[in-house]
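Please look over the contacts in this structure. The report below covers a surface patch, strand pairing, aromatic pairs and salt bridges.

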Amino acid sequence: MTVKKLLVTLALMLPLASYGQSITPAQIEQFKQLPRAQQESLARQYGVDLESLSGASNRAQRPQQVTVVEPVSSITDEERDEARDQKQQEDDQAEKNGGLKPYGYDLFAGSPTTFAPVTEIPIPSNYTLGPGDVLRIQLWGKENQNLELPIGRDGSISFPQSGPMSVAGLSFDEVRELIRKRVSEQYIGVEASVSLGELRSMRVFVLGEARNPGSYSVSSLTTITNALYVSGGIKQNGSLRNVQHKRNGKLVGTLDLYDLLMKGDSSADNRLQPGDVIFIPPVGKRAGIDGEVYRPALYELKNNSTLADLIGMAGGNTPQAYLQRINIERTNEDFLRIIAEADYTTTEGKQVRIKAGDTVRIPSISDITGQYVEVKGAATRPGKFAWVPGMRVSSLIRNLEADLMPSADKRYAAIVRVDEESDNISVLNLRLREAVQQKGNEFDLFLEEKDRILIFSDAGKVKGGEEGQDFTRESLFVPVLQRLKAQANPANPQQTIQITGPVRYPGEYPMPATRNLADAIFVAGGLRDSASLYQAEVARYTTDESGIGQTRILNVNLVDALAGQIKLALESRDRILIKSIPDFAKTRTVELKGEVRYPGTYTFRDGETLKEVLERAGGLTTNAFPKGAVFSREKLRQLEAQRLREAEERLQGDLLGVQLEGDGFSGQSADRTKQVQGLLEEVQSSKPVGRLVINLENVLNSADYQSIRLQDGDSLTVPIIPQSVSVFGEVQFPTSHLHHAALTVDDYLERSGGPTRQADESRVYVVKANGAVMLPEKSRWFGGRSQQLEPGDTVIMPIDVDRLNQLELWTNVSQIVYQMALGAAAVGNL
C-alpha cells in the first residue's frame, strides 16, 4: 500500500477509534518509517492525530516532572569546590558581622538544570500566542476529531479543510473564539474545544549579581522568580529589594523579594517575554539586628527605614525582649563605633532612623528581680516559683514522694539566703522531713524573697547512670562556698567549716547558722557506725595578742555535744575531726581444711594461737597426717610471688645469654636453650602458696614448741595419711611409688628409671611431707643413699647446673618450684 493510499484511508476515518480498528499495525509501521517532517505535513494535510499513529504517550498524561535543581551527587567536583569556597566566604563574612547572615538568600540556592514545571500551571486568558505554541483542538458532534496545530514562523496555523489562520500576537481568548466561530461556520453540527499544548520556549537574560549569570531558555510562562530560580538565585552581595526587569533597554518594573518572603505578595512577579533582561544590582544599605527577635539577620534597607521597620522585618520581638533599652551600634562621622540607645516603648524610639552598618541588639529581660523563690537539685520540678509573704517550706514542697526524686536526701536540705542590704549570702540548715511532715512547726522555716532551696541526692540511693548524680552536696555547694569565700573580710570572716572522719559526706561546708556542732554533723549526713562517740577534735585557727596565727585543738565528747550539754560555738575555718573506733568491725579469720574435726573459717581473737583454734575446731581426725600439714600465710605468699618474679626475670636473662652463645659449647646450645625454656615455663606456671614449715604434732602436743600466733588470712590444710613416695626431677619416669619401709632413696630412684644425662646425682635432696628440704650430706637421719623414707616424702633429682655455663641460679629456682608444687599438690589432693 502506498503512503498516499494510507493517508487517504486515515482521512476517511476521522474518529480515532475507527481508524485505530481499520489500519493494520504493518501500515502504521510503514508510516513511522517516513521522515518526521513528512509525517507532520501529511498529518496536517489530512487532519490526522499524529501522536495516536506514532504510538506517542497518552495526551491526558501529566507532563513528566523535571528536576529544576540538581542534587548534590550530580554536581561536579569543580562545582562542589566552588560552592564550598563560596560557603566559606559567606561564613567568614557572617563572623565579621557577629554571626549574623543576610536574610533571604537561601531561597534560590541550588544548581539549576532546566525549567519545565511552569508548563503545568493554568494558562492565563490574556496569554499572547506566538510561533512555537501548539493549539489542541477537540471536535465533537457530527464529527469527532483531535487536532494539534502548531503555530508556524509566519504566525499562522493550518486548519484542515479551511486553510491557514493567523493567530500570532492574539491572546488565547481571542484565538479560542476565532476557532470556535470558524468551526461553527464550516462544520455543521460540530463543536470545538480549544486548549494549549506545548508552549514555546524563549531566551531571557539573568545578569548582575546572579549566582550563574547568562542567557537561559525558558518557557513562555516564566516569571521573574522562575528565572531567578533557573539561574541559581542571587549572590549575597546582590540586592533582594531592587530586582530590575528590563525590556529593549527600558525598565519595565522592579521586584522587591522582601514582599514575597515576608508578606507572600507576588503581584510584582511579572511574566517575561523573549529577550527580557533581569538585572540584579549590588546590594543596598544593610543593617543587622540580633537578640530577642524571631529572625536575627542582616536586612537590606529601603528608603528611610526606622527601628520599627527593622524589627518588623525581623519578625517582631519575642516576649522576653527588654524594649526600654535597645542598643544601636553604629559608625559616627569620625569612623568610630559608638553605641546609642532607644526606648521602643515610646513613639520617638520606634521612629529612630536606621543607618547603613547599624547593628541593633535587643536585650532580654534579665533574671526575675523579685517575688520568687527557687528550688534546685534533686526535685521533680526544679525552677523558680512565686513568693508571697508568710510562705513556708511546706508551701513549696508538699509531698516528699511526689516533689522529690527517688534519689533525693529527704532528711536534709539547705536554704541559701541573700541579704538585701549587704548582698552577702548565708546558709540555713533545713530538716526537710520534719518541715514537710509537721507543717507550721519550728522546722518549717519561713521563706524570704529570692531564697534558694538546695535539694541534695543521697549517695546510697543513686546508681550508676541514674539521674541525681550531679546533685551531691559537693556539686551544689561549690558556688555557695565560692561566694562565701569571696565575701569574707576582717569584719566578717569566712563562714566555712570542714568535717572529716566517719561521717556520711565528709568535706567542706557552709557554716551552719546555729554554729552548733550537732548541726554541722547533721549537714555532713550524720555519723557512721564506726564513729567514736567519745573522741572528736576541733582544730581552730586563731591569732594571739601579737596578731600571730596559731592553731588550737579542742577535744570534744560527742555524746555530750550531740545532747546539747556542751556550749561549743563553731568559728570560721574550724576543722572537725570525728575519730573512728579502733579496729572497728575488723575481723581476723583462719581457714581450717582437710582432716579437721570441724573444718571451716574461724574468727580468732587478737593474739590467739593455732593450737587454740584447732582445739576449738575439735582437733584432728584419726585419718589426719600432721607431718604433711600445709600452713600458708598471706604475707609469705606475697613474698614467694616476688621471688618468682625475680627468678623469672633472671631466667629470661640467662635464656637470652644461652641463645646468644650459639653452638659454642660442643653443639649443645639447642639443648641448653630447651632446658632453660622448660624451667622458665615451670616458674611462670607456678603459683605461690605462702607455705610456712611447721611441725603440727609439736604444735599440738609439745609445750616447748614455739606457739604460732595467727594472722588474718592464715590457712591450715591437713591431708589424709599418704601411702606414697614421689620422685621428681631429672629421672627417666617422674612418678609416685607405694611406700615400703625397706626401700631407700636409691631404691626409689631406680624404680623411676634412674637419672637422665642432665641429672646431678651428687645433689639429690628430699622434700619432707611438712615442706622441709633435707640434703643427704646434711641429714642426721641417714648418711647416704641407703636412708629409708617416710610416707609423703618426695625425692628430687636436680639438673646438673655445672654442665651449663653460668646457670647456678637453677638449683635455687628448682627448689622453689618443687616446694611450691608439693605444697599446692598437698592442698589440691584433699
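β23 (531–543) and α17 (558–562) each supply at least two residues of a nonpolar surface patch. Its members are Leu533, Tyr534, Val559 and Leu562, with about 370 Å² of accessible area together. Patches are made of residues with over 30% relative accessible area and no salt bridge; like charges are joined within 9 Å, and nonpolar side chains (Val, Leu, Ile, Met, Phe, Trp, Tyr) within 5 Å. Areas come from the Shrake-Rupley method with a 1.4 Å probe, and for residues only the protein chains shown count as cover. Helices (H or I, at least four residues) and strands (E, at least two) are DSSP runs, numbered from the N terminus. Leu533 lies in strand β23. Leu533 counts as partly exposed because its relative accessibility is 36%. Buried means under 20% relative accessible area, exposed over 50%, and partly exposed in between (1.4 Å probe, protein chains only).

This is a predicted model: local features need pLDDT of at least 70, side-chain atom pairs count only at pLDDT 80 or more, and totals for chains, interfaces and linings use all residues. Residues are numbered from 1 along each chain as its sequence is written, and side-chain values use heavy atoms, with hydrogens and water left out.

**Strand pairing**

Two strands pair if DSSP finds at least two bridges between them. Strand β11 (residues 286–291) runs parallel to strand β15 (residues 359–362), joined by 4 bridges. Gly291 has Ile362 in β15 as its bridge partner. Strand β13 (residues 326–331) runs antiparallel to β15, with 3 bridges. Here Ile328 stands opposite Val360 in β15.

**Aromatic contacts**

How many aromatic pairs does a search of the whole structure find? There are 7. Rings of Phe, Tyr and Trp (its six-membered ring) pair if their centres lie within 6.5 Å; planes under 30 degrees apart count as stacked, over 60 as edge-to-face and the rest as tilted. Tyr103 and Tyr299 form a tilted pair, because their ring planes stand at 35 degrees, with centres 5.1 Å apart. The pair links distant parts of the chain, 196 residues apart: Tyr103 is in the loop between α6 (77–96) and β1 (134–141), and Tyr299 is in strand β12 (residues 297–300). Both Tyr103 and Tyr299 are buried.

Tyr299 also pairs with Tyr258: the centres are 6.4 Å apart and the planes at 85 degrees, so this pair is edge-to-face. Tyr258 lies in helix α9 (residues 257–263) and Tyr299 in strand β12, so the pair ties together parts 41 residues apart in sequence. Tyr258 counts as buried at 3% relative accessibility. Tyr299 counts as buried at 0%.

Elsewhere, Tyr412, Phe456, Phe477, Tyr509 and Phe522 form one aromatic cluster.

Lys350 sits over the ring of Tyr344, 5.6 Å from its centre. Lys384 sits over the ring of Tyr372, 4.8 Å from its centre. A charge sits over a ring if NZ of Lys or CZ of Arg is within 6 Å of the ring centre and within 35 degrees of the ring normal.

**Salt bridges**

A salt bridge is a side-chain nitrogen of Lys or Arg within 4 Å of a carboxyl oxygen of Asp or Glu. By this rule the count is 30. The table lists examples.

| Pair | N to O distance |
|---|---|
| Arg247 and Asp276 | 2.8 Å |
| Asp358 and Arg330 | 2.7 Å |
| Asp458 and Arg504 | 2.8 Å |

Asp458 lies in the loop between β20 (452–457) and α15 (473–486), and Arg504 in the loop between β21 (496–500) and β22 (507–510), 46 residues apart. Asp458 counts as buried at 8% relative accessibility, whereas Arg504 counts as partly exposed at 29%. In a separate network, salt bridges that share partners join Arg241, Asp256 and Lys302.

Arg247 counts as partly exposed at 23% relative accessibility. Asp358 is buried, with a relative accessible area of 2%. Arg330 is buried too, at 14%.
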